[in-house]
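Please keep the sequence and the structure in view while reading.

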Amino acid sequence: RIIFNEKKIIMKVSVIMITYGHEKFLTQAIEGVLMQEVNFDIELIVADDCSPDKTKEVVEKIINTHPKSHLIRYTKHSVNKGMQPNFIWAYQQCKGEYIALCEGDDYWIDNKKLQKQVDFLEAESQYVMCFHKVDVLKTNGEIVDDFLTKVPEQFQLRETLLAKGNYIHAPSVMFRNNLITIPDIFHQSPIGDCLLYALLTKYGNIGYIQESMAVYRHNVGVLSKELDNSLKNALTMNLILLKIVDNEK
């Protein structure tokens, strides 16, 4: 049984786009959302974490010129919140029945992506979220098949996610809103997406669409530059996951 919280729903899909220093990439990310062909209402929440570059000017240009700019809800924070607090803030703004993710340095390549994922989740009530294949853009400009992750057997189960680690790229994710309240411990994590999936899968399974509908930029974002101590980050992630599961019991 899926337990919903009291979050207000007034449209079908909210897209969260957290961004920091993505001036060079943001136009492509936003246009990938605005090109979506859907039979429902959507909103794009662009949460700018006090970027020091020209991110604001890039977004304002799109707002002033794009015919679908009314879908964009842009906020530039006056101080830098940090990645996880910025995501939580954006999540709290979402008014959609479903939430999709696309950070400011990734982008979508299928204009039916949102429609396909909504159709999938509405037909498959046992799934609380779904993801799909992505292509990977290397630093040399080459776009290749995903060599970073491998979708395991029994990918749909929470137990597999907890045992195998994250095999889901954020720009491929859509999940049901109104399921979770994000705990304070979320702020302590170096990586937020796997924690989000762990919280969601308390209520159901993970669906998978075997089509490539997004591109993930490899070794581009701020996070990539912060992961030098990968062992420490992995241990921190696992400890937080254990605490979340232990608290449920």
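The secondary structure of this chain, taken from a predicted model, comes to 8 helices and 9 strands. The radius of gyration is 17 Å, which agrees with the value near 18 Å that a compact globule of 249 residues would have. Of the contacts with a separation of 6 or more, 82% are made by residues 24 or more positions apart.

**Overall dimensions and surface**

- Along its principal axes, the C-alpha trace of the chain spans about 50 × 40 × 35 Å.
- Buried residues account for 49% of the 249 residues in the chain, and the accessible surface comes to about 12300 Å², with 48% of that surface belonging to carbon and sulfur atoms.
- The chain carries 28 positive and 32 negative side chains, and the centres of these two sets lie 3 Å apart.

**Salt bridges**

- A search of the whole structure finds 8 salt bridges, among them the pair formed by Glu97 and Lys12, whose closest N and O atoms are 3.0 Å apart. Since Glu97 belongs to strand β4 (residues 96-101) and Lys12 to strand β1 (residues 11-19), this pair ties together parts that are 85 residues apart in sequence.
- Glu97 counts as partly exposed, because its relative accessibility is 31%, and together with Lys12 and Glu122 the residue Glu97 is linked in a network of salt bridges.
- Lys112 and Glu37 also meet through their side chains in a salt bridge, with an N to O distance of 3.1 Å. This pair links distant parts of the chain, 75 residues apart, with Lys112 in the loop between β5 (107-108) and α4 (113-123) and Glu37 in the loop between α1 (26-34) and β2 (42-48).
- Both members of that pair are partly exposed, Lys112 at 36% relative accessibility and Glu37 with a relative accessible area of 40%.
- A further salt bridge joins Lys116 to Asp110, with the closest N and O atoms 2.7 Å apart.

**Helix α3 and its packing**

- In helix α3 (residues 83-93), the buried residues are Gln84, Asn86, Phe87, Ile88, Ala90 and Tyr91.
- These buried residues of α3 pack against the strands β1, β2, β4 and β8 (174-176), and also against helix α6 (193-200).

**Buried residues in a helix, a strand and a loop**

- Gln117 is found in helix α4, and at 0% relative accessibility this residue counts as buried.
- When residues up to four places away in sequence are not counted, Gln117 touches Cys130, Phe131, His132, Ser172, Val173, Met174 and Ile209.
- Trp108 has its place in strand β5 and counts as buried, with a relative accessibility of 3%.
- Trp108 and Gly82 are 26 residues apart along the chain, and their C-alpha atoms are separated by 24 Å.
- Ser69 sits in the loop between α2 (55-65) and β3 (72-76), and with a relative accessible area of 16% this loop residue is buried, because the cut-off for burial is under 20%.
- Leaving aside neighbours within four places in sequence, Ser69 is in contact with Ile62 and Ile63.

**A partly exposed loop residue**

- Lys202 lies in the loop between α6 and β9 (205-217), where its relative accessibility of 46% makes it count as partly exposed.
- Apart from neighbours within four places in sequence, Lys202 is in contact with Arg158 and Glu248.
- Between Lys202 and Pro52 there is a distance of 38 Å in space, C-alpha to C-alpha, and the two are 150 residues apart in sequence.

Terms used: Residues are numbered from 1 along each chain as its sequence is written. This is a predicted model: local features need pLDDT of at least 70, side-chain atom pairs count only at pLDDT 80 or more; totals for chains, interfaces and linings use all residues. Side-chain values use heavy atoms; hydrogens and water are left out. Helices (H or I, at least four residues) and strands (E, at least two) are DSSP runs, numbered from the N terminus. The radius of gyration is taken over C-alpha atoms; the globule rule is 2.2 Å times the number of residues to the power 0.38. Buried means under 20% relative accessible area, exposed over 50%, partly exposed in between (1.4 Å probe, protein chains only). Contact means heavy atoms within 4.5 Å. Accessible areas come from the Shrake-Rupley method with a 1.4 Å probe; for residues, only the protein chains shown count as cover. Lys and Arg count as positive and Asp and Glu as negative; His and the chain ends are not counted. The place of a charge is taken as NZ of Lys, CZ of Arg, CG of Asp or CD of Glu. A salt bridge is a side-chain nitrogen of Lys or Arg within 4 Å of a carboxyl oxygen of Asp or Glu.
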